[in-house]
Amino acid sequence: MRRRRSLLATALVATVVAALAVPASAAPASLAGCSGTSTGTVAIVDNATVESPVTISDCAATPSATATVPVRIIHTYIGDLQVSLVAPDGSAYVLHNRTGGSADNIDQTYTVDLSSETANGTWKLRVNDNAASDTGRIDSWTLNLGGATPADDFSVGVTPATGSVVAGSAATATVQTQVTSGQAQTVQLTATGLPAGATASFSPASVTTGGSSTLSVSTATTISSGTYPITVRAAGIATRTATYTLTVTGGTGPQIPDIDIAAVKQHLAQFGTIASQNGGNRRSTTAGYRASVAYVKDKLTAAGYTVTEQPCTSGCSSGAGPNVIAEWPGGNANNVYMFGAHLDGVSAGNGINDNASGSSALLETALVLSRLNPSMLNKVRFAWWTDEEQGLNGSRFYVSQLPSTERAKIKTYFNFDMVGSVNGGYFINNISSAQSAHMKAYWDSLGLQPEENTEGRNRSDDASFTNAGIPASGYAMGASARKTAAQAAKWGGTSGGAFDPCYHSSCDTTANISDTHINRAADGIAYTLWKSAVAEGTPGAEFSVSVTPSSGSVAAGSAVSASVGTQTVSGDPQTVQLAASGLPSGATASFSPASVTTGGSSTLTISTTASVAAGTYPVTVTATGTGTRTATYTLTVTGGGGGTCSGTNPNDVTIPDAGSAVDSDVVISGCSATPSAASVVTVRIVHTYIGDLTVSLVAPDGSVYPLHDRSGGSTDNIDRTYSVNLSGEAPNGTWKLRVRDHAAFDTGRIDTWGVNLTP
């Protein structure tokens, strides 16, 4: 987002580094008396330790030998967890120590002897996740130092937890409450997350804890089919929630997708890499911006969009790169709904929240539209703007070049600028206008209580459209303005802190993103697009393709076959053409038949000559109809005249953040030599903090040869050749490059690697 000129000299950046990062939503609340509760949720990351603090002040009593600690943790495998209470002096009292196996959630009151402790100070609930693949959150916890009279608390659940309903009908479930400590209390029941066309009621609407109520969800025939997580809230002294998952079938509304946050974050990581490889920023006049243009354009072109690079020939900074305009086929061309985000950043930093966040959310929504290929009612146009940071210049140029007839066709422009702010709020441009209705309806369904984007008024590209008489709206999560106490109370986060503490600063990297905020923005973009432009009724034609078996081995000079299967995912069956790519020299592929109607199958035959090089090759099978879908068949060739003692794997492998190890394979076959004592391993890994990584070569017999052991600190990327003594190994078989990320907040990928046993 562009900074107001009057603010240029008054920027303030606060960077806080801590050994254990506590989210802003869990900042300690100083509470008088001898008890306190933390209701700010804290995400529990795999293989990491997190803390939730409660500050006790003005407690004149000595803590009891029977102090109580009610704890509610949402987690899918509590056997991974160690939970401790940490006193102000650092003493730790273990409450839960990796028991419970695969059971879900901890909802328990613990009794602890705290009689030797001082009452006042900051107490912490510390949770350590000791294994991978299961995550959760600290939902709430309470500390009662008096022991005798625990605070009033309760839990809520829904039975059954899931339900299915035909559009136009209703589903019911029982909402049950329980007293978990203290006395019973009256709680009010509400529901959020309902899809458009659904309403919820409770009978009764309030209950005394220990009692139950009947939840009824009624649906209209025009509702969209799909699965919806509905949050049931019980509000008393505190607020407790439970989830009821509703599946709707037979609806006539458009089926609105959920945008995958992991895919959005992959785009963010790529923009971060682009900046790092091009001088550290993506300013409109730089190579970093031009590389960003290429990345977006390549993705969209491959997805079937008509993509135009529009040079900004007047009004932009000298040397500024182009706007990127992409249009999806279909829909009424006289009713255009336009979705845009600025692609450029400032000179100070990677520009990830400002504004790779809006650019990435928009890009992934466009790619999902391509994959689903629904029937279009209206025309959808996407834009990524240049030179926004220098004065909204790219979007202003675009609008200035539109003839009046083309301006009139744009019914609404939607803008997305800084939608991942770590201390963010939920802001909508022109929130009370008709063009904002869908955007507001989606966030209202999540109970977010959005507000008008006063900070961003006339500071982003929607202003170029509004000033030209084109209706505009958009999402934002805030920049340098500070969150009020009232906003922190309803949204969480730090009262008095900037919405984005790294605004226009060097720390605006991939670490400066709230997954929750950007996820809610991306899903809101999809909701708005589908409601504005996708036709109701029969979904668009969609299909999938697969290969069975997914791999095969062939001796050089022979052939191998596999079955290519297709399925109709939605809409009517269609005819698709089959092709194969990625074959080694000396190999050919044929299909019988060469085209099929989705739901049918074909036989893939790969024939090889005697001279084909031994090795393993990922062959891409492509099916082309209204869209293009692919599957991979892994071909291993043995005994060829081209046998070699070296190999390379160029395929990207994502390295999970603070996760388990990943492998990338190279198969060596036909090598008759003994590996050298000076064998060579070349490695290129793209990663933002190589001090997190261990990298090893694993021989076919399982022997491990360490190459890199968490050295290099905050340095980006590994691009290095290692010399390894492999003279004791057999040459042929599968060699693996094994990489593990041991700490949180930095991500990357294995880009390419190779091994040469006889250099």
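This report describes the fold of one protein chain, from its overall dimensions down to single residue pairs.

The model is predicted: local features need pLDDT of at least 70, side-chain atom pairs count only at pLDDT 80 or more, and totals for chains, interfaces and linings use all residues. Residues are numbered from 1 along each chain as its sequence is written, and side-chain values use heavy atoms, with hydrogens and water left out.

## Overall build

The protein chain holds nine helices and 45 strands. Helices (H or I, at least four residues) and strands (E, at least two) are DSSP runs, numbered from the N terminus. The radius of gyration is 29 Å, close to the 27 Å that the globule rule gives for 759 residues, so the chain is as compact as a globular protein of that length. That radius is taken over C-alpha atoms, and the globule rule is 2.2 Å times the number of residues to the power 0.38. Along the principal axes, the C-alpha atoms fill a box of roughly 85 × 75 × 60 Å.

Of the 759 residues, 49% count as buried. Buried means under 20% relative accessible area, exposed over 50%, and partly exposed in between (1.4 Å probe, protein chains only).

## The eight-stranded sheet

Eight strands form an open sheet with mixed pairing, in the order β20-β21-β23-β22-β24-β27-β25-β26. Its edge strands are β20 (306–310) and β26 (451–452), and each pairs on one side only. Two strands pair if DSSP finds at least two bridges between them. In general, strands of a sheet pair through backbone hydrogen bonds, either parallel or antiparallel.

Strand β24 (residues 410–416) is mostly covered, with six of its seven residues buried. It runs parallel to β22 (residues 332–342), joined by five bridges. Strand β24 also pairs in the parallel sense with β27 (residues 472–476), over four bridges. Strand β27 in turn pairs with β25 (residues 427–428) in the antiparallel sense, over two bridges. Tyr-475 of β27 is the bridge partner of Phe-416, and Ile-428 also stands opposite Tyr-475.

| Residue | Stands opposite |
|---|---|
| Phe-339 | Phe-414 in β24 |
| Ile-428 | Tyr-475 in β27 |
| Val-698 | Lys-736 in β44 |

## Helices around the sheet

Helix α3 (residues 352–372) lies across β22, β23 and β24, running at about 145° to β22. Axes are lines fitted to C-alpha atoms, for helices over the stretch in contact, and angles run from 0 to 180 degrees between N-to-C directions.

Helix α4 (residues 393–400) is largely enclosed by the rest of the structure, because six of its eight residues are buried. These are Asn-393, Gly-394, Ser-395, Phe-397, Tyr-398 and Val-399. Their cover includes strands β20, β21, β22 and β23, together with α5 (404–409) and α7 (462–466).

## The four-stranded sheet

A second open sheet has four strands in the order β39-β44-β41-β42, with antiparallel pairing. β39 (662–668) and β42 (704–709) stand at the edges, each with a single partner strand, so one side of each is left without a neighbour in the sheet. Neighbouring strands of this sheet are turned by 20° against each other on average, direction ignored. Within the sheet, six bridges join β41 (residues 693–698) to β44 (residues 733–741), and these two run antiparallel.

## Rings and single residues

Aromatic pairs number 19. Rings of Phe, Tyr and Trp (its six-membered ring) pair if their centres lie within 6.5 Å; planes under 30 degrees apart count as stacked, over 60 as edge-to-face and the rest as tilted. Tyr-426 and Trp-491 form an edge-to-face pair, at 5.9 Å centre to centre and 75° between the planes. Tyr-426 lies in the loop between β24 and β25 and Trp-491 in helix α8 (residues 485–491), so the pair ties together parts that are 65 residues apart in sequence. Tyr-426 is buried at 2% relative accessibility. Trp-491 is buried too, with a relative accessible area of 12%.

Gln-255 sits in the loop between β19 (239–249) and α1 (261–277). At 45% relative accessibility, Gln-255 counts as partly exposed.

How values were computed: Contact = heavy atoms within 4.5 Å.
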